[in-house]
Amino acid sequence: MTQQTAQLDKPKMPGQIPYIIANEGCERFSFYGMRNILTPFLITSLLLSMPESMRAGMAKEVFHTFVIGVYFFPLLGGWLADRFFGKYNTVFWLSLVYCAGHACLAVFENNKEGFYTGLFLIALGSGGIKPLVTSFVGDQFDQSNRSLAQKVFDGFYWIINFGSFFASLLMPIFLTQYGPSVAFGIPGILMFIATVIFWSGRTKYVHVPPSPKNPHSFLNVVKTALNAHQPGQARTGYFIAVLGGLLALASLTLIPSVGVVAAFCLALVLVLGFGGMGAWLQLDRARGAHPDEAVDGVRAVLRVLVVFALVTPFWSLFDQKASTWVLQANDMTKPEWFQAAQMQALNPLLVMLLIPFNNLVLYPMLKRMGVELTALRRMGLGIAFSGLAWIVVGFMQLAMDGGDALSITWQILPYALLTFGEVLVSATGLEFAYSQAPLAMKGVIMSFWNLSVTIGNLWVLLANSSVKSPAVTEYIKTTGISVTAFQMFFFAGFALVAALLFALYARSYQMLNNYRKS
């Protein structure tokens, strides 16, 4: 092979990737810029009418409800893109909705209804585009250059944290020095810039058209499998799915105690969980009515959804760094010029350092030692590291409850552990989700990946609601530790159990390659 031939065969990076990367950097600055000052703003401004003892709890509830919305609306965005408008059009129009949400936050700083409307619009816009931008990156690759895709997904995740770092560092200062209008207005300007950048590359992108209505779609195959009745065979799967539906309806009675969003999400989890189990048991009954390829594709998706379900405890722990950890940092000693919310800047800074370190040093070194860190092994280890981070935070809380004055610098260790876990789970999970998704379901499967974050935050809301129960409160008192410390150790155990289950499931998982052909 001549040098010229080798050069021609060398995979080429798509020229349109910089537009998507730049768009993502600005969009993530806008999102994290408002997200990371949301809890402090709620406590010090919007919720001042509430008794002081209730503000922190309500701020956590509003924050995690917002995050649930952000990661629930990917289902809508994925469906619209895959079935009607395509990824580019859906991203562009929802980005304008996103901009309108930022405008509401800046204008309605003293109006709860207006401010919450802004949060809803941001959740709709940000959530709607979230799975599409990621899968849109994957669409720019084919079999000839897919070897470059993981590097771009890592770069994609790096730029997310580049934007998050400066947002986390600067926005708390703008909130204190210039007020909410400026602090929430600047992220809005960055989101508008992100939209313009994305629009500028419209003629260069690979546009994968939306899929036509498919009689052999995922839902149609599942419906056929559940409804199929074969003489002499029990309909166990069908009755499991029906049970899930009944439990989902029953969960709506929890609205007065856990709220509308949490109850609705719990209902969705029950429908997906029991419906998926039922479909798995009877899936072969769909053969004949649907081609084997469609049935096998549904089984592959259901196997991926089990992976996503086992990742949800990680998100329970990760997203509380912007609520529970900020509240803990408020009670720690720190310089007068430093604000508790700024500690979150450590997370994206560590991500930017860890991604190149892992790819250039750690993974090659382990490979030379004969240790192959596959995608699933990385994700399982990441969940375990998040549990370790919360064990450290829990012991810190015990020391503070005992009267010790801890410096905020103590939070560096749990942030390092949690961030290492994040890189192993999230950066790896993006490429894993895309590669395992059947070609006709890229947007939807990425939506399910984001839905795992919604479910993770659902566990937080349910845990917070449970500690308000007199029975649970009395039990915690018998442990001799505070409610806050008890919850920290509970979430640590939750993650470690999930990591063990993940490792057991990963041993039998068969990886797929669902990139489009060149």
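1. Helix H4 (residues 52-72) and helix H6 (residues 112-139) cross at an angle of about 35 degrees, and their axes are 7 Å apart. Here an axis is a line fitted to C-alpha atoms, for helices over the stretch in contact, and angles run from 0 to 180 degrees between N-to-C directions. Helices (H or I, at least four residues) are DSSP runs numbered from the N terminus.

2. Which residues of H4 meet H6? On the H4 side they are Val62, Phe66, Gly69, Val70 and Tyr71, and they meet Tyr116, Leu119, Ile122, Ala123, Ser126, Gly127 and Lys130 in H6. The residues of this contact divide into 8 nonpolar, 3 polar and 1 charged. In this count, Ala, Val, Leu, Ile, Met, Phe, Trp, Tyr, Cys and Pro are nonpolar, Asp, Glu, Lys and Arg are charged, and the others, Gly among them, are polar.

3. Take a closer look at serine 126, which has its place in helix H6. Serine 126 is buried, with a relative accessible area of 1%; buried means under 20% relative accessible area, exposed over 50%, and partly exposed in between (1.4 Å probe, protein chains only). Not counting residues up to four places away in sequence, serine 126 touches Glu27, Arg28, Phe31, Val70 and Tyr98, where contact means heavy atoms within 4.5 Å.

4. Now for the rings: the structure holds 36 aromatic pairs. One of them joins tryptophan 315 and phenylalanine 318, edge-to-face, at 5.7 Å centre to centre and 85 degrees between the planes. Rings of Phe, Tyr and Trp (its six-membered ring) pair if their centres lie within 6.5 Å; planes under 30 degrees apart count as stacked, over 60 as edge-to-face and the rest as tilted. Both residues lie in helix H13 (residues 292-318), 3 residues apart, about one turn of the helix. Tryptophan 315 is buried at 6% relative accessible area, and phenylalanine 318 is buried at 5%.

5. Elsewhere, ring pairs link Tyr88, Phe92, Trp93, Phe136, Phe198 and Tyr205 into a cluster.

6. The largest nonpolar core has 151 residues. Such a core is a set of buried Ala, Val, Leu, Ile, Met, Phe, Trp, Tyr and Cys residues joined through side-chain atoms within 4.5 Å. Its largest share, 14 residues, comes from H13. Among the residues with the most contacts inside this core are Phe66 and Phe502. Leaving aside neighbours within four places in sequence, phenylalanine 502 is in contact with Val307, Leu310, Val311, Leu376, Met379, Gly380 and Ile383.

7. Leucine 169 and leucine 346 are 177 residues apart in sequence and 8.7 Å apart in space, C-alpha to C-alpha.

8. A note on reading the values: residues are numbered from 1 along each chain as its sequence is written, and side-chain values use heavy atoms, leaving out hydrogens and water. In this predicted model, local features need pLDDT of at least 70 and side-chain atom pairs count only at pLDDT 80 or more, while totals for chains, interfaces and linings use all residues.

Key
Helices (H or I, at least four residues) and strands (E, at least two) are DSSP runs, numbered from the N terminus.
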